[in-house]
Amino acid sequence: MKYALVTGGSRGIGRAICVQLAKDGYSVIINYKSNHAAAEETLRLIREVGGTAELLPFDVSDMDAVNAAMDKWETTHQDDFIDVLVNNAGIIKDDVLLGIEPNDWHAVVDININGFYYVTRRVLSNMIINHHGRIINMSSIAATHPFKGQVNYSAAKAAIEGATRSLAVEVAPKQITVNAIAPGLIATELLYNSAAEHDNLDIDIKKIVPMRRLGLPEEVAYLASFLASDKAAYISGQVIGINGMYGTFVEKL
């Protein structure tokens, strides 16, 4: 059995990736922090398409919690290893720099970048032993084309992209690929909550996205599916945008 761990897998893009990887034949480990009902819905959707999955709650920003959860999983899966890791967990706490409280700064950095470090470091050793693995990090168009008020989020996602490129070089000899996906405006709860905070619920998408629509979580999941597959075995260290050409128009906002 091939296993894929998706952090932040209970909703939005994470949920779509979980379902798609299940369709691809992976047994999916659905990570989430606290929203058990949403995680159960992801589990139900996977079973509905004939896939297999399990829930593994932990806070990616807490190294001890990460290690405890992985210890538990490895105890019950002694002959298995996680072949695909999707570092999807992330949050936003938008405000202008002078308005960002220290707790909000650290929360965004801890989940978006430190979570990558804690989880990847723990999963990577078995990938190296088995000479195979796929690491997919979720970045954002905000790393290169942010809204104002996203200093913390943009910094964290830019760090993810740098880490992706560097780690790819380190593990390439072990046949492990490391890539990042940088979504633009995707129709998720995270986007709608951010738009509400910025009073931008009525943004005319047709004016800022040349493809004239929001992206779908499933479209991001298709890209993750490809990067996880053997078809992408010679692709590593890349940041792939999926944004409907949105970035060229962000300065108009």
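Ser125 lies in helix 4 (residues 102-130), where helices (H or I, at least four residues) and strands (E, at least two) are DSSP runs numbered from the N terminus. In this predicted model, Ser125 is partly exposed at a relative accessible area of 39%, the classes being buried under 20%, exposed over 50% and partly exposed in between, for a 1.4 Å probe and protein chains only. The C-alpha atom of Ser125 is separated by 20 Å from that of Asp230, which stands 105 residues apart from Ser125 along the chain.

Helix 1 (residues 12-23) comprises 12 residues and spans 17 Å from its first C-alpha to its last, close to the 16 Å expected at 1.5 Å a residue, the expected span being 1.5 Å times one less than the number of residues. Nine of the 12 residues of helix 1 are buried, and the helix is thus mostly covered; among them are Ile13, Ile17, Val19 and Leu21. Helix 1 is followed by Gly25, for which phi is positive, near 105°.

Strand 2 (residues 27-32) pairs with strand 3 (residues 52-57) in the parallel sense over six bridges, pairing requiring that DSSP find at least two bridges between two strands. Within this pairing, Asn31 has Leu56 of strand 3 as its bridge partner. Together with helix 2 (residues 36-48), strands 2 and 3 make a right-handed β-α-β unit, meaning that, with the strands pointing away from the viewer, the path from the first strand over the helix to the second runs clockwise.

Residues are numbered from 1 along each chain as its sequence is written, and side-chain values use heavy atoms, with hydrogens and water left out. For this predicted model, local features need pLDDT of at least 70 and side-chain atom pairs count only at pLDDT 80 or more, whereas totals for chains, interfaces and linings use all residues.
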